Amino acid sequence: MADDFSWASSSDIAHAVASGQASAASVTEAALARIGKLNPVLNAFTAVTAERARAQAAKIDASGKSKLPLAGVPFAVKNLFDIAGIPTVAGSKINRSHPPAKKDSPLIARLEAAGAVLVGALNMGEYAYDFTGENVHDGASRNPHDITRMSGGSSGGSGTAVGGGMVPLALGSDTNGSIRVPSSLCGIFGLKPTYGRLSRAHSFPFVASLDHLGPFARTTRDLALSYDAMQGPDPEDAACVDRGIEPVLPLLEKGIDGLRIVTAGGYFRKGGAREAHDALDLVAKALGAREEIEIPEAARARAAAYIITCTEGAALHLDRLRNQATEFDPAVRDRLLAGAMVPSTLVVKAQIFRRWYRDHVVALFKSCDAILAPATPVTAPKLGQVNFMLDGVELPVRPNMGIYTQPISFIGLPVAAVPVPLKPLPIGVQIICAPWREDIALRIAFALEKMGVCATTQPKV
Amino acid sequence: MAGSPLDDYIAAAARALDLPIEASWMAAVKANLEVTLRLATVVADFELPDTTEPAPIYKV
């Protein structure tokens, strides 16, 4: 019965379709029914592409494509990915008047070429300038473990949809932590690949220097499956490197013997709630990671990421700020207006510092293969919560959910976010690796899953 | 009453950049700019050789 796949992994669904145990059509219908039932509660989807999904599923069932690696796997994308035929709203009101996208994002096309079935577009923070998953136009995407709490942002709908069992696979973007924060709060796995690894063409940008795209899933194997399907150069994205596909799936079982795994100390041991550090300790203990290293100048790196974000974001939206300022979420607008006024000398300083920081952090990987750090400072805050306490200091939630993610995406390092199923709420840990070593991050994530230390738990929605 | 230097800067920058800022937005814009400039100072205070290149696009 297709409904048996409601909490199944992408890998299990693809095997079932390949073996004839289920049809792509039946899996798709079940996913559409689940979305119809759960979305009024979770608010993850802003558009459901049912007709397209049924056509793609029928094509897979009819054309002998059932052996493809993602055959019949329903997936959804943050609504900043172009989907042919609908406007790319990027969480905004303003973009709703844009013409429909003419073609799909290449990442959607590559997943569909591998047999996956696009079922819709997902809620997100306006223009991706968000860590909460709240959206003033569409409402908040809700945390599936407690619907009164945040999903995390800005890929909030992606976290909600996967963590809530609506789809086994989703795509999101990560400029300062927007894959890793929702992964942490919703208790799922997320992969932010190396900057330049996956094409960003035909997605709505935010900060060209820092934007990444990547997958969310409930298992490491599913991250690897989808990541492998999406790899490959794309001349349409100026930052996407001309690098061949380096499949990770065949490497997952290699284990972690011989890998030198350490934890990040200093900055990364400050400012978080007990849960964040408990989760890190559990993961470190399971991996035998006893050594602690210092990532130099991490606080300054976060500051520089903040400056590049608000100024590049302001440049992107300058005309909209001039002509449609009242149509923005005020919290986004006011930050962008401030960003428009930052002197360019300070922005160049931030980019110069970035070079220094990148060189010094990449050098750390001469003596280790992976660095562990918390993903978020806290478990999911309440929806609407404005402030929280970190180390006895009251701070605003919105900018501070990314304190541990920003210094890493700032220099484009690959990170797997893995969920530690603490009670009552899960929280994530980052596995940070050297550029282009997504394979190591996912091998470690896979090992943690096999040990039972990291897992996605099914919420009662 | 004369504004603070930052109020004056925001007003002048808004005019120069043709950015409409309603009076009710002013406090939030100012608060955001204060945070950004404080963080920018933290970055700018870090001494680096004149030969250090910016990294506008990150490639390894």
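Helices (H or I, at least four residues) and strands (E, at least two) are DSSP runs, numbered from the N terminus. The model is predicted: local features need pLDDT of at least 70, side-chain atom pairs count only at pLDDT 80 or more, and totals for chains, interfaces and linings use all residues. Residues are numbered from 1 along each chain as its sequence is written, while chains are lettered from A and ligands numbered from 1 in the order in which they are written.

**View 1. A cis peptide bond joins A:Lys423 and A:Pro424.** Omega of this bond is about 0°. A:Pro424 belongs to the loop between β14 (415-420) and β15 (427-433) of chain A.

**View 2. The peptide bond from A:Gly153 to A:Ser154 is cis.** Here omega is near 5°. The loop between β5 (146-150) and α5 (156-163) of chain A holds A:Ser154. Most peptide bonds are trans.

**View 3. A:Asn43 has a positive phi, near 55°.** A:Asn43 lies in the loop between α2 (24-42) and β1 (45-48) of chain A. A:Asn43 counts as buried (20 or more other C-beta atoms, placed from the backbone, within 10 Å of its own), with 22 C-beta neighbours inside 10 Å.

**View 4. A:Ala128 has a positive phi, near 70°.** The residue sits in the loop between β3 (117-122) and β4 (142-143) of chain A. A:Ala128 is buried because 29 other C-beta atoms lie within 10 Å. Most residues other than glycine have a negative phi.

**View 5. Chain B meets chain A through 29 of its residues, in contact with 37 residues of chain A.** Contact requires C-beta atoms, placed from the backbone, within 7 Å. The largest share of this side of chain B, 10 residues, comes from α2(B).

How values were computed:
Two residues are in contact if their C-beta atoms, placed from the backbone, lie within 7 Å. A residue is buried if 20 or more other C-beta atoms lie within 10 Å of its own, exposed if 12 or fewer, and partly exposed in between; C-beta atoms are placed from the backbone.
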